[in-house]
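Open the structure in your viewer and keep the sequence panel beside it. This tour goes from one selection to the next and says what to find at each stop.

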Amino acid sequence: MGWLSSSPAVDAAPAAPKASADGAFEAPDRNARAHCWEARDAYFHCLDRNAIIDSVKAASLAEERCGKEDVQFKTNCASSWVQYFKKRRVVEYQRDQTLKKLEAEGAQKMDGALPGGAPASPPAAR
Amino acid sequence: MANSAPGPNTHGGTAQAALNAEADTEYIGLLERSLADIDLPFFVRMAVHIDLASRHRLAAEILYQWGRLHYPLGDNEWADARLDEPFSWQAGLLFFIAGAGLTIYFRTEKERMARKRIAETTKGIGRPKVGGQFELIDQNGQRFTDEDMKGKYALVYFGFTHCPDICPEELDKMAGMIDIVQKTNGNVMRPIFITCDPARDTPAVMKTYLKEFHPALIGLTGTWEQVKSVCKAYRVYFSTPPDVQPGQDYLVDHSIYFYLMDPDGDFVEAIGRNFTVERAARVINEHIGDWRGKLDKE
């Protein structure tokens, strides 16, 4: 995209979802997912450079500093995914902070004997 | 002869030795008188052997010293009378080999018992009731029920095709596990992907989606009620609303485990996200190795 020198993979938006044989829309395939993740990573790197964690709360600042990456992000990913990734960024940051605090207090990391699966996403608004 | 020697002979005990010294002198005297014309040095050497073997060490020691004194043969001939030590290097080696063998045996048995305990907690009374009857359709539109799952092991994963990154990641891991298990044990495990999003995940959508991960993957979907019922049977959190409009964009909450089911259709173990591909495959292979019933390998 011009002077932004992003990798060629992020140039073209993936095609609109096609209909499958029985009418429902196809899910994003491996290629589309890869594009989405690259756009997400580009956006998040921009946020990191500007020390923004919560791009939803600090929306105006994020828009000002990382607006272009955000547009790429929204083009390459479904909107539910965009919201999910943004919220998860905040959750992961808070989790890392908690872990750092615990380690400073001398807690020991246990081997993951307990199942560590988290739900796939916070429920999207309907 | 050694047994009828007067007084017990023991290893230590100088008091005991003093007591027995007299008896032993008598014993040796007996020996000398009665065996006058036999090859005494040889016989004495033999007697030393016998005494050592029967633990009469003191008697053996006395005989040995007396023999050396009266029959000064080369040291070699007397030396080999002492070879019959109870602790030789052969005995030591045997001890260590036996010890190593027993340790290895106990360790493998302990691990096997631990796995058996896991596998059987689901078979007795009060077991976690994961799994059970269900009826769905696969990615080719064919009916697929819990009966079709029996006969082989099954690895079940719940997800949905519009999943941002967790399901693709887990499905890639699953493909890795399938390959390792197939290499080790052959075609004994059915990998099954059950959708939590029946509105969007039709059989055709599932077919296209799963082809990218592994050809052996079976994708199951159905009506909202059927999917809700299988999620309930597997204790999977299911949050999709029943009346989703076509084209709506949403994400689905679901538990993220691989459920290993045995050829009887009973639950064996849940494998979480913290397992690597190799570790998960090893766990599955170990359970398959432990299975003593019929196992379809087609």
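What percentage of the 126 residues of chain A count as buried? The figure is 29%. Keep in mind throughout that this is a predicted model.

**Stop 1: chain A as a whole**

Among contacts in chain A with a separation of 6 or more, 61% are between residues 24 or more positions apart. Switch to a surface: chain A exposes about 8,300 Å², and 58% of that area comes from carbon and sulfur atoms.

Now look at two charges placed over rings. R89(A) lies over the face of F44(A), 4.9 Å from the ring centre. The second case involves both chains: the charged end of R30(A) sits over the ring of F213(B), and the distance to the ring centre is 5.0 Å.

**Stop 2**

Select D165(B), which is in the loop between β3 and α7 of chain B. Is D165(B) buried or exposed? Its relative accessibility is 7%, so it counts as buried. Show the side chains of W37(A), R40(A), Y84(A), F85(A) and R88(A); D165(B) is in contact with each of them, leaving aside its neighbours within four places in sequence. With R88(A), the side chain of D165(B) makes a polar contact of 2.7 Å.

**Stop 3: aromatic pairs**

Over all chains, the count of aromatic pairs comes to 19.

Move to W224(B) and F238(B) for another tilted pair, with 5.9 Å centre to centre and 50° between the planes. W224(B) belongs to helix α9 of chain B and F238(B) to the loop between α9 and β6, so the pair ties together parts that are 14 residues apart in sequence. W224(B) has 23% relative accessibility and therefore counts as partly exposed. F238(B), with a relative accessible area of 15%, is buried.

Then select F134(B), F158(B), Y234(B), Y257(B), Y259(B) and F267(B) together. Ring pairs link these residues into a cluster.

**Stop 4: the annotated binding site**

Which residues does UniProt mark as "binding site"? The record, an unreviewed entry, places the feature at C163(B), C167(B) and H254(B). They are spread over 92 residues of sequence yet cluster in space, with a largest C-alpha distance of 10.4 Å.

Take C163(B) by itself. C163(B) is in the loop between β3 (153–159) and α7 of chain B, and its relative accessibility of 1% means that it counts as buried. Apart from neighbours within four places in sequence, C163(B) is in contact with W81(A) and P168(B).

H254(B) comes next, in the loop between α9 (224–233) and β6 (258–261) of chain B. H254(B) also has 1% relative accessibility and counts as buried. Display the backbone of F158(B) here: its oxygen lies 3.2 Å from a polar atom of the H254(B) side chain. F158(B) is one of the residues in the ring cluster of the previous stop.

**Stop 5**

Follow helix α7 of chain B, residues 166–185, to N185(B). The N185(B) side chain makes a polar contact of 2.7 Å with the side chain of N285(B). Not counting residues up to four places away in sequence, N185(B) touches N285(B), I288(B) and K297(B).

Select G186(B), in the loop between α7 and β4 of chain B. G186(B) counts as partly exposed, at 27% relative accessibility. How far apart in space are G186(B) and K297(B), C-alpha to C-alpha? The distance is 6.6 Å, although the two are 111 residues apart in sequence.

**Stop 6: helix α8 of chain B**

Finish with residues 203–211 of chain B, which form helix α8. Colour P203(B), A204(B), V205(B), M206(B), Y209(B) and L210(B), which are buried. Their cover includes α1 (30–49) of chain A, along with β1 (135–138), α7, β4 (189–195) and β5 (218–221) of chain B.

Notes: Residues numbered from 1 in each chain as written. Chains lettered and ligands numbered in written order. Predicted model: local features only at pLDDT ≥ 70, side-chain atom pairs only at ≥ 80, totals over all residues. Heavy atoms only, no water. Helix = DSSP H or I, 4+ residues; strand = E, 2+ residues; numbered from the N terminus. Polar contact = N/O pair within 3.5 Å; in protein donor to acceptor, adjacent residues only side chain to side chain. Contact = heavy atoms within 4.5 Å. Buried < 20%, exposed > 50% of the residue type's maximum accessible area, 1.4 Å probe, protein only. UniProt positions renumbered as here; feature names shortened; annotations may be inferred. Phe/Tyr/Trp six-rings, centres within 6.5 Å; stacked < 30°, edge-to-face > 60°. Lys NZ or Arg CZ within 6 Å of the ring centre and 35° of its normal. Areas by Shrake-Rupley, 256 points an atom, 1.4 Å probe, with all protein chains shown as cover.
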